[in-house]
Amino acid sequence: MVLDKEESVSVVPLQSREKPRGCAGCNRKIRDRFMLQALDRFWHEDCLKCACCDCRLGRVGSTLYTRANLILCRRDYLRLFGVTGNCAACSKLIPAFEMVMRARDNVYHLDCFACQLCRQRFCVGDKFFLKNNMILCQLDYEGGHLNGGSDRQPQ
């Protein structure tokens, strides 16, 4: 038995000669021009909602999650069932739904993912280095600031 399932949502046009299908959410006939298909069933656009926050899950290409007969958006699925951890830089809890940065086995808040000597934040494409489990910018790594080559101390 599968407890967790990730499913995509697709929009299906209702053919003019096609007999209206029943909605899995409200059990009424779907007479709209388009209907949603998810979990091998059909839905009105307004009926496919997250069981926690009631947000509509019918965006094209969106994903929904199911567990314990609940249909959930990604955020609520991760909030309820996701694995949390601690940031390698600040040691504070990282909520399961929060975006993170990873370096080897370390996980960081986005705001904490910076050089641990000069506090320079990294942009997409910037090089960073992991030395003695510390994130370093290229300048601090190449300058050997962890080997006594500077008066800088980790903050």
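## Cysteines

Cysteine 73 is buried, with a relative accessible area of 10%. The model is predicted. In it, the closest cysteine sulfur to that of cysteine 73 belongs to cysteine 50 and lies 3.8 Å away. A disulfide needs two cysteine sulfur atoms within 2.5 Å, so the 3.8 Å between cysteine 73 and cysteine 50 is too far for a bond.

Cysteine 23 is also buried, and its relative accessible area is 2%. For the sulfur of cysteine 23, the closest cysteine sulfur is in cysteine 47, at 3.7 Å. This distance is likewise too far for a bond. A search of the whole structure for disulfides finds zero.

## The sheet

Three strands form an open sheet in the order β2-β3-β4, and their pairing is antiparallel. The edge strands are β2, residues 10-13, and β4, residues 41-43. Each of these two pairs on one side only. From one strand to the next, the twist averages 40 degrees.

In general, the strands of a sheet pair through backbone hydrogen bonds, in either a parallel or an antiparallel manner.

## Pairing of β2 and β3

Strand β3 covers residues 34-38. How many bridges join β2 and β3? The two strands pair over four bridges, in the antiparallel sense. On the β3 side, glutamine 37 is the bridge partner of serine 10.

Key. Residues are numbered from 1 along each chain as its sequence is written. This is a predicted model: local features need pLDDT of at least 70, side-chain atom pairs count only at pLDDT 80 or more; totals for chains, interfaces and linings use all residues. Side-chain values use heavy atoms; hydrogens and water are left out. Two strands pair if DSSP finds at least two bridges between them. Axes are lines fitted to C-alpha atoms, for helices over the stretch in contact, and angles run from 0 to 180 degrees between N-to-C directions. Buried means under 20% relative accessible area, exposed over 50%, partly exposed in between (1.4 Å probe, protein chains only).
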